[in-house]
Amino acid sequence: MSDIKAEYLACPIRQVISRFGDKWSLLVLFMLNRSETGVLRFNEIRRLMTDCSQKMLSQTLKNLEQSNLVNRQVYAEVPPRVEYSLTETGLSLMPSIISLIEWAQEHFNEVVTESNCKL
């Protein structure tokens with residue numbers, strides 16, 4: 001571990017993109033941004049992302065919260081109510097994610113073909 005170069009540790013692409021570059025994080029950010037109120041509860045997100053397990057969604061939300069992209073608001077109620085929303089940092093990321101989505105839609109057939117699609 002001591003042979004890791006300082007340039008690698010300081011690289012914005014590696015260090016920042018790794019915080020939200022996986023498929024679940026991008027989808028959570030997109031779903032929160034797309035929400036009419038900008039706020040979703042855990043089960044609402046889970047219903048929108050049926051192919052994401054409860055454990056993975058929980059882990060993804062924790063990672064996004066630790067990266068200051070998602071805000072987690074807990075209300076002192078019985079049963080407890082927890083809501084998720086984008087932080088200002090998360091909101092500032094959305095134009096780039098939306099551009100990436102538009103690019104993916106435009107170039108889907110060029111990038112995802114039967115011969116190179118491994119699902």
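1. Start with what H5 packs against: its buried residues (buried is under 20% relative accessible area, exposed over 50%, partly exposed in between, with a 1.4 Å probe and protein chains only) sit against H3, helix H4 (42-48), strand E2 (70-75) and strand E3 (81-86). Contact here means heavy atoms within 4.5 Å. Helices (H or I, at least four residues) and strands (E, at least two) are DSSP runs, numbered from the N terminus.

2. A word on the source: this is a predicted model, where local features need pLDDT of at least 70 and side-chain atom pairs count only at pLDDT 80 or more, while totals for chains, interfaces and linings use all residues. Residues are numbered from 1 along each chain as its sequence is written, and side-chain values use heavy atoms, leaving out hydrogens and water.

3. Which residues of H5 are buried? They are Leu57, Thr60, Leu61 and Leu64.

4. Now look at H3 (residues 23-34) and H6 (residues 88-111): their axes come within 10 Å and cross at roughly 110 degrees. Axes are lines fitted to C-alpha atoms, for helices over the stretch in contact, and angles run from 0 to 180 degrees between N-to-C directions. H3 is therefore roughly perpendicular to H6 (under 35 degrees is roughly parallel, over 145 roughly antiparallel, 65 to 115 roughly perpendicular, the rest oblique).
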